[in-house]
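Have the viewer open and follow along.

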Amino acid sequence: MKNERKHQAWNFWSVFVFLSAVGLVGFLLKRKGVNIEEMTFREALVIILASFRTTRILVFEKIFKYFRDALKRRENMYVIGTIHAMITCPWCAGVWATLIIIVLFYLVPFGVLLVYVLALAGLASMMILVSNLLHMYT
């Protein structure tokens, strides 16, 4: 029970870390002159697809399996347990991935190239998922 409460406390504090990160990114976007409210549909679509692909890479793909497994072995360490929970939950990882994609897209020189690569890979991934679903039903 005591360990569970400590994990819950770390999960609670991770919300404030995320909100602080959002605030920092907002400040940096404003400083650069980017108004996120003026995002075009194309930019939003690219960010959505790149976030989708990044989330799948973090949560499900083999490339991060070693990292996920290493965190799982140290899950009893509270901060590590919270990080493990965040990268094994698609909903949690998706929020963090989207924030990272926004930073790459708007704030990192040549980061937009990586975002486009991830967006196109996300679209390809969706096509594979749809193809697999159609194959299951035929």
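Q: Which residues do ring pairs link into a cluster?
A: This is a predicted model, so keep that in mind throughout. A search of the whole structure turns up seven aromatic pairs. Ring pairs join three residues into a cluster, namely Phe12, Trp13 and Phe16.

Q: Why does the pair of Phe12 and Trp13 count as edge-to-face?
A: Their ring centres sit 5.5 Å apart, and the cut-off for pairing is 6.5 Å. Edge-to-face needs planes over 60 degrees apart. The pair qualifies because its planes are at 75°.

Q: Is Phe18 buried or exposed?
A: The cut-off for buried is under 20% relative accessible area. Phe18 has a value of 18%, so this residue is buried.

Q: How many residues apart are Phe18 and Trp96?
A: Their rings form an edge-to-face pair, with centres 4.9 Å apart and planes at 70°. The pair links distant parts of the chain, with Phe18 in helix H1 (residues 2-32) and Trp96 in helix H5 (residues 90-107). The separation is 78 residues.

Q: Which side chain of opposite charge is nearest to Arg68, and how far away is it?
A: Arg68 belongs to helix H3 (residues 65-73). Arg68 is buried yet has no salt bridge; a salt bridge would need a distance within 4 Å. The nearest side chain of opposite charge is Asp69, at 5.8 Å.

Q: Which residue's backbone oxygen does the side chain of Arg68 reach?
A: Beyond its neighbours within four places in sequence, Arg68 is in contact with several residues, including Ile57, His84 and Thr88. The Arg68 side chain reaches a backbone oxygen at 2.8 Å, and that oxygen belongs to Leu58.

How values were computed. Residues are numbered from 1 along each chain as its sequence is written. This is a predicted model: local features need pLDDT of at least 70, side-chain atom pairs count only at pLDDT 80 or more; totals for chains, interfaces and linings use all residues. Side-chain values use heavy atoms; hydrogens and water are left out. Helices (H or I, at least four residues) and strands (E, at least two) are DSSP runs, numbered from the N terminus. Buried means under 20% relative accessible area, exposed over 50%, partly exposed in between (1.4 Å probe, protein chains only). Lys and Arg count as positive and Asp and Glu as negative; His and the chain ends are not counted. A polar contact is a pair of N or O atoms within 3.5 Å; within protein, one must be able to donate a hydrogen and the other to accept it, and residues adjacent in sequence count only if both atoms are side-chain atoms. Contact means heavy atoms within 4.5 Å. Rings of Phe, Tyr and Trp (its six-membered ring) pair if their centres lie within 6.5 Å; planes under 30 degrees apart count as stacked, over 60 as edge-to-face and the rest as tilted.
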